[in-house]
Amino acid sequence: MIMHKRQKFTIINHNEVSVMGRIFYDRGLMIEVDDLNFLFDPRANADFDSANLVLVTHGHRDHISGLLEASEGVRVGASRITHEITRLVREKRERKILENTVYLERNFGLKTDEFSIEAYDAGHCMGSLQFKIDTGEQLIGYTGDINFCESVTERRADVMGCDVLVIEATFGSEEYVFPEREELDAEILDYVERNVSDGIPLILMGYSLGKCQELTRLISRGLGYDVLVSRQIFDFNRIFERYKSGLGKYLQIDSEEGREVIEEGGGVILLPQFRLTKDAPDRLAKSLNLNSLPKIAVCTGWAANRSFFFAMQQAYKIDAAFPLSSHADFNQLLECVSAVEPRQVYTTFGNPVNLAKQIKKRLKINAQPVVNRMQQTLDVYTMNQEPQTTIKTDNQKNEETRM
Ligand SMILES: [Zn+2]
């Protein structure tokens with residue numbers, strides 16, 4: 001199955017033992033094996049022409065941004081849900097649907113004469129997948145963003161056995177260790193109940209895709225309160241319910257029924273965290289026509305860092321922060337690598353340098369950050385070579401972008 005015109009590459013092989021391709025970041029993660037090129041999670045202006053196959057792990061904006069402007073003929077492998085999310089965003093930009101999407105799901109992969117692709121749950125948000133390429137000679141896995149614990153909406157990421165593992169490193173630093181999920185869920189429910197029973201308007205913030213489906217179900221099922229959501233969260237909740245299961249009762253915040261709940265001073269409001277601005281309680285009280293000043297709580301893995309809350313309180317007057325994340329924490333990343341037992345690990349996003357160092361030190365598995373094509377030398381192209389330059393991958397990336 002040839003997706004696009006092939007571009008020939010010379011495989012650089014300084015190590016006769018096991019170097020069989022190259023992995024690097026160039027507006028998306030590129031994996032080249034023999035004369036096959038796989039492009040994962042393309043960013044804007046990604047090199048679609050060189051890719052035999054484009055694979056998209058999930059629908060967060062920083063993983064699909066390249067697809068938003070891509071021509072409708074580009075052929076992509078993604079889950080039905082990720083395809084649906086991409087369609088939704090493209091429609092808003094008046095772009096046509098990507099008509100050549102190959103649907104991949106857990107246990108439903110793709111087989112050609114030259115390679116096969118298997119898909120595994122990533123546990124990160126609805127429709128999120130990890131992919132494993134089988135070239136017949138080696139197995140190469142890419143996690144995309146993963147969560148390695150079960151939540152009320154997603155199962156824990158699958159362990160995909162492979163020789164070479166490319167793993168995300170968003171929270172690949174020792175300071176990011178999250179409490180047990182159930183403990184955290186109970187803490188959030190307790191906080192919500194205390195404030196709502198005191199008649200205080202309450203706004204919880206998190207990413208629209210993933211976190212807000214989790215919060216919708218947690219609050220509506222756990223406490224039975226009306227959950228009031230923004231338009232974008234409403235759309236994502238509907239997709240979740242269409243493909244997965246019910247989330248409980250939620251209303252669009254500007255619907256007639258939603259307005260009534262707000263006027264009566266009830267319900268819990270969920271908003272994407274890009275709505276956080278200076279003097280957020282004042283501004284949101286005005287824009288949402290609330291009866292009184294709301295309390296704002298932010299749900300993000302970054303809250304595991306103690307200084308996060310104080311900085312956010314100072315900047316935006318938030319009332320609380322909970323380290324509820326759609327990503328694996330530091331310990332879970334190590335646990336995942338340990339369970340996969342790869343020969344070689346590559347780390348990308350967030351804290352790739354530290355995570356690679358810790359994998360080598362604690363698990364005794366060879367590991368290095370994925371290098372950015374612009375900064376690599378020929379030596380670091382090869383899978384088993386140490387980087388010769390200071391690595392700067394995509395470490396400015398936030399957990400997600402405006403979602
Ligand atoms: Zn993500």
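Let me start with the largest pocket. It has 18 lining residues, and those nearest its centre are Asp121, Gly127, Glu154, Arg155 and Lys244. Keep in mind that this is a predicted model. The space in this largest pocket comes to about 340 Å³. Sorted by class, its lining consists of seven charged, six nonpolar and five polar residues.

Next, the cavities. How many cavities of 30 Å³ or more does the structure hold? There are four. The largest cavity contains about 60 Å³ of space. Its lining is made up of 16 residues, and His124, Ser151, Thr153, Glu154 and Glu214 are the ones nearest its centre. By class, the cavity lining has nine polar, four charged and three nonpolar residues. Helix H4 supplies the largest share of that lining, with three residues.

That brings me to the helices. Two packed helices are described by the distance between their axes and the angle between them.

H4 covers residues 211-223, and its partner here is H3, residues 181-197. Their axes come within 11 Å and cross at roughly 65 degrees, which means that H3 is roughly perpendicular to H4. The crossing of these two helices is right-handed. Which residues meet in this contact? On the H3 side they are Arg181, Asp185, Ile188, Leu189, Val192 and Glu193. On the H4 side they are Glu214, Leu218, Ile219, Gly222 and Leu223. Taken by class, the contact of H3 with H4 has six nonpolar, four charged and one polar residue.

Is the crossing of H1 and H2 left-handed or right-handed? H1 passes H2 in a right-handed crossing. From H1, the residues in contact are Arg61, Ile64, Leu67 and Leu68; from H2, they are Thr82, Thr86, Val89 and Arg90. This contact divides into four nonpolar, two polar and two charged residues.

That is the end of my part.

Definitions and conventions:
Residues numbered from 1 in each chain as written. Predicted model: local features only at pLDDT ≥ 70, side-chain atom pairs only at ≥ 80, totals over all residues. Heavy atoms only, no water. 1 Å grid on protein atoms, 1.4 Å probe; cavity = no way out; pocket = protein on both sides within 12 Å on 5 of 7 lines; lining within 4 Å. Points joined across faces, edges and corners; volume = space filled by probe spheres on them. Nonpolar A, V, L, I, M, F, W, Y, C, P; charged D, E, K, R; others polar. Axes fitted to C-alpha atoms, helices over the stretch in contact; angles between N-to-C directions. Helix = DSSP H or I, 4+ residues; strand = E, 2+ residues; numbered from the N terminus. Parallel < 35°, antiparallel > 145°, perpendicular 65-115°, else oblique. Left-handed = near helix turned anticlockwise from the far one by under 90°. Contact = heavy atoms within 4.5 Å.
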